[in-house]
Amino acid sequence: MSTIWFATSNKGKLIEVQERFSHFGVEVEQLIAPYPEIQADTLEEVVEAGLTHLWKEHARPLMIDDSGIFLDNKEGFPGVYSAYVLHTLGCQGILDLMHSDTERPAHFECCAGYIDEKGQVLVAKGRVDGHISKEEKGTTGFGFDPIFVPEGHDRTFAEMSLEEKNKMSHRSRAFDKLAEMMELEKD
Ligand code: IMP
């Protein structure tokens, strides 16, 4: 089984990507290596800058993930500012912001990136649509999972198992595409 490094401090992201790549016979190892998240309008820009920075520091093939939640009736807020908003306002802050909204469409996006031994960059995106629940529900997952209900379901991501979330999530879609671009083969 081959190994690929994944630079993240987020255990939730790590176990989701490990589950995904296990289908390709690849072991994913966590690399604790902080990188500056540049102020940018898109997740792709953050990922490309992060990969280049890490490549200079660690000179090895590795992956990173930048993600966000986008409220479709709030001009995509918080989007690239999701980490800051989760840290300062939490899930409850999003519920408060939407307290009078009956229409609550939202989506998650994930941008997954890989830099190979030659410094060549691959980037893939994944998205899942859904809506924001009226209250926090569930205990699995992380981040905004307790308030996000994917389309076609009536439970939040935090009420689902890892495998169930991974069948439809923005992250699994992005990393499956990335695996394809890396020419990994399904077991
Ligand atoms: P970042 O990619 O670590 O910058 O993530 C941005 C924010 O979105 C963080 O606060 C994450 O916790 C949150 N986030 C990213 N992916 C997910 C997810 O799959 N579920 C819930 N929250 C997420």
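## Terms and overall shape

A residue is called buried when its relative accessible area is under 20%, and exposed when that area is over 50%. These words are used below for a predicted model.

The chain holds 6 helices and 6 strands. Read from the N terminus, its elements follow the order β-α-β-α-β-α-α-β-β-β-α-α. Taken along the principal axes, the C-alpha atoms fill a box of roughly 50 × 35 × 25 Å. A compact globule of 187 residues would have a radius of gyration near 16 Å, and the chain agrees with this because its own value is 16 Å.

Of the 187 residues, 48% are buried. The accessible surface of the chain comes to about 9600 Å², and carbon and sulfur atoms account for 49% of that surface. Contacts can also be sorted by distance along the sequence. Among those between residues at least 6 apart, 61% join residues at least 24 apart.

## Helix H1

Helix H1 covers residues 11–22. At the start of H1, a side-chain oxygen of Asn10 comes to within 2.8 Å of the backbone nitrogen of Gly12.

Which residues of H1 are buried? They are Gly12, Lys13, Leu14, Glu16, Val17, Glu19, Arg20 and Phe21. An α-helix has 3.6 residues a turn, so residues three or four places apart point the same way.

Helix H4 runs over residues 90–97, and its buried residues are Gly90, Cys91, Gly93, Ile94 and Leu95. Among the elements that cover these residues are E3, H3 and strand E5 (121–132).

Asp101 sits in the loop between H4 and strand E4 (105–115). Is Asp101 buried or exposed? Its relative accessibility is 16%, so Asp101 counts as buried. Apart from neighbours within four places in sequence, Asp101 is in contact with Lys74 and Lys134. Asp101 and Asn73 are 28 residues apart in sequence, while their C-alpha atoms are 9.1 Å apart in space.

Several polar atoms of the protein lie by oxygen atoms of the ligand. A polar backbone atom of Ser67 is 2.8 Å from a ligand oxygen. For Lys165, a polar side-chain atom lies 2.8 Å from an oxygen atom of the ligand. For His170, a polar side-chain atom lies 3.0 Å from an oxygen atom of the ligand. On its own the ligand has 480 Å² of accessible area, and the protein covers 91% of it.

His170 belongs to helix H6. Why does His170 count as buried? The reason is its relative accessibility of 2%, because buried means under 20%. Leaving out residues up to four places away in sequence, His170 touches Ser67, Phe108, Glu109, Cys110, Gly126, Arg127, Val128, Phe157 and Lys165.

## An exposed histidine

His87 is part of helix H3, which runs over residues 82–88. With a relative accessibility of 70%, His87 counts as exposed, whereas His170 is buried. His87 and Gly143 are 56 residues apart in sequence, and their C-alpha atoms lie 9.2 Å apart in space.

## Backbone details

Two residues other than glycine have a positive phi. Ala59 has a phi near 40 degrees and is found in the loop between helix H2 (43–58) and E3. Its relative accessible area is 57%, so Ala59 is exposed.

The phi of Glu75 is about 55 degrees. Glu75 is in the loop between E3 and H3, and its relative accessible area of 83% makes it exposed. Pro78 also lies in the loop between E3 and H3. The peptide bond from Phe77 to Pro78 is cis, with omega near 0 degrees.

Notes
Residues are numbered from 1 along each chain as its sequence is written. This is a predicted model: local features need pLDDT of at least 70, side-chain atom pairs count only at pLDDT 80 or more; totals for chains, interfaces and linings use all residues. Side-chain values use heavy atoms; hydrogens and water are left out. Helices (H or I, at least four residues) and strands (E, at least two) are DSSP runs, numbered from the N terminus. The expected span of a helix is 1.5 Å times one less than its number of residues. Buried means under 20% relative accessible area, exposed over 50%, partly exposed in between (1.4 Å probe, protein chains only). A polar contact is a pair of N or O atoms within 3.5 Å; within protein, one must be able to donate a hydrogen and the other to accept it, and residues adjacent in sequence count only if both atoms are side-chain atoms. Contact means heavy atoms within 4.5 Å. Accessible areas come from the Shrake-Rupley method with a 1.4 Å probe; for residues, only the protein chains shown count as cover. The radius of gyration is taken over C-alpha atoms; the globule rule is 2.2 Å times the number of residues to the power 0.38.
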